[in-house]
Amino acid sequence: MPLANITTIERHILDQQKRFPSATGEFTELLYDIALAAKMIARETTRAGLANILGESEGTNFYGERQQKLDVYADEVIMSLNEGTQRLCAMASEEHDDLIEIPTQFGLGKYVLLFDPLDGSSNIDVNVSVGTIFAIHRRVTPSGQGTMADVLQAGRRLVAAGYVIYGSSTMMVYSAGQGVHGFTLDPALGEFLLSHPDIRVPDTAKFYSANQGNERYWTDGVRGFTRWLQGMDPDDPRKPLSGRYIGSLVTDFHRNLLQGGVFYYPADSREGAPYGKMRLMFEAQAMAYLAQHAGAYASDGIGDILDVVPHSLHQRTPVFVGNRDLVERAEAFIRASDADWLETFGAYRARSAAGG
Ligand code: P6P
């Protein structure tokens, strides 16, 4: 690559900022801080086995999941790099039950950072790619410590979102509303270099990604959608898609974004999972925002996830994300076959919009 073509993520973010003359630079610096946290987390994830950081810590998180030591480390890195920068009025992490207040000795800023520090962390011990997911809202309250009102905003109001994938290489993919851009970490330089400018999901999908071990808990509509994807719908035969499911959202999403496909984690009939497993604020909103800016689409089975008005920090949502034609087809199967579920979930969605 000719040296003149090398663009670091810092330079790219600055170039993006120039399009907004009113931008004060806080937002730009917030994205820098996230890139720095990603480099620090990447260093640990790529040598986890050596640093004896593998395995479970003594903690469990809000969902009762045993916290892997690496996700505790990732959580602490992101918090400590962001709490004293005067760019945030609050943070929220998948690993914390409640809002993370900015320590009083630090100044407050106008943004809110939500993050899943290490999504898919149960895969760490078997060396499967994992990722960090982040989303940024602008505060809505006038001043002081950020409140739930600043955090519980619909995805339509996001100002940026992205993820870092710690895999065969470390990549950071983000959008600030001007396209989706991917950067690959050059460990020798310690820099994220622009490797995937203006990512657009391909028109033709190659993969479908779902945990089919849960099929018996799915609704008829979702099962019918799956049969259709596999080319087994006698009423509408199609070229079957290949199944690819890694069990790490960032990894499954990233592959489908680059090569075309649909990821879905639907609601299921098990106790406690009527609205699915995915976390709206820490996983689904960011993926829906990126999908929107890459020409794809994310639905909860009824409509755009970006339009869901959240009512609680850790609320769950069904997720269908990827090529728009596939996701809209999932919605059609659900409309045709899942009247009872639609009534129940539709009421839940409306309650959420009304404040829960
Ligand atoms: P299952 C990881 O815990 C996660 O939230 C996502 O990264 C991943 O897509 C999903 O759960 C996997 O869930 O039930 O298929 O193991």
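Some ground rules before the details. The model is predicted, so local features need pLDDT of at least 70 and side-chain atom pairs count only at pLDDT 80 or more, while totals for chains, interfaces and linings use all residues. Residues are numbered from 1 along each chain as its sequence is written, and side-chain values use heavy atoms, with hydrogens and water left out. Helices (H or I, at least four residues) and strands (E, at least two) are DSSP runs, numbered from the N terminus.

I start with helices. Two packed helices are described by the angle between their axes and the distance between the axes. Here axes are lines fitted to C-alpha atoms, for helices over the stretch in contact, and angles run from 0 to 180 degrees between N-to-C directions. Angles under 35 degrees count as roughly parallel, over 145 as roughly antiparallel, 65 to 115 as roughly perpendicular and the rest as oblique.

Take helix H2, residues 26-45, and helix H3, residues 69-82: their axes come within 9 Å and cross at roughly 155°. H2 and H3 are therefore roughly antiparallel. Their crossing is right-handed, a term that applies if the near helix is turned clockwise from the far one by less than a right angle, with left-handed for anticlockwise. Contact means heavy atoms within 4.5 Å. On the H2 side the residues that meet H3 include Leu 30, Leu 36, Met 40 and Ile 41; on the H3 side they include Leu 70, Tyr 73, Val 77 and Leu 81. The H2 contact with H3 has 11 nonpolar, two polar and three charged residues. For those classes, Ala, Val, Leu, Ile, Met, Phe, Trp, Tyr, Cys and Pro count as nonpolar, Asp, Glu, Lys and Arg as charged, and the others, Gly among them, as polar.

Next is helix H6, residues 249-259. Nine of its 11 residues are buried, so H6 is largely enclosed by the rest of the structure. Buried means under 20% relative accessible area, exposed over 50%, and partly exposed in between, with a 1.4 Å probe and protein chains only. The buried set includes Asp 252, His 254 and Arg 255 as well as Leu 249 and Phe 253. Just after H6, Gly 260 has a positive phi of about 85°.

How do the axes of H6 and helix H7 cross? They cross at roughly 10° and come within 12 Å, with H7 covering residues 280-293. The two helices are therefore roughly parallel. Leu 249, Val 250 and Phe 253 of H6 touch Glu 283, Met 287, Leu 290 and Ala 291 of H7. Those contact residues divide into six nonpolar, no polar and one charged.

Now the strands. Strands of a sheet pair through backbone hydrogen bonds, either parallel or antiparallel. Two strands are called paired if DSSP finds at least two bridges between them.

Inside it, E12 (residues 261-265) and E16 (residues 319-322) pair in the antiparallel sense over four bridges, and Tyr 264 has Phe 320 in E16 as its bridge partner.

E4 (residues 111-119) and E5 pair in the antiparallel sense over seven bridges, with Asp 119 partnered by Gly 131 in E5. E5 itself, residues 130-138, has eight of its nine residues buried. E5 also pairs with E6, residues 160-166, again antiparallel over seven bridges; Phe 134 has Gly 162 as its bridge partner in E6.

E6 has seven of its seven residues buried. In a regular strand the side chains alternate between the two faces of the sheet. In E6, Ala 160, Gly 162, Val 164 and Tyr 166 point one way and Ala 161, Tyr 163 and Ile 165 the other. Six bridges join E6 to E7, residues 170-175, and the two run antiparallel. Ile 165 stands opposite Met 171 in E7. E6 and E7 form a hairpin with three residues between them.

Asp 198 lies between E9 (191-196) and E10. Leaving aside neighbours within four places in sequence, Asp 198 is in contact with Gln 178, Gly 179, Val 180 and His 181.
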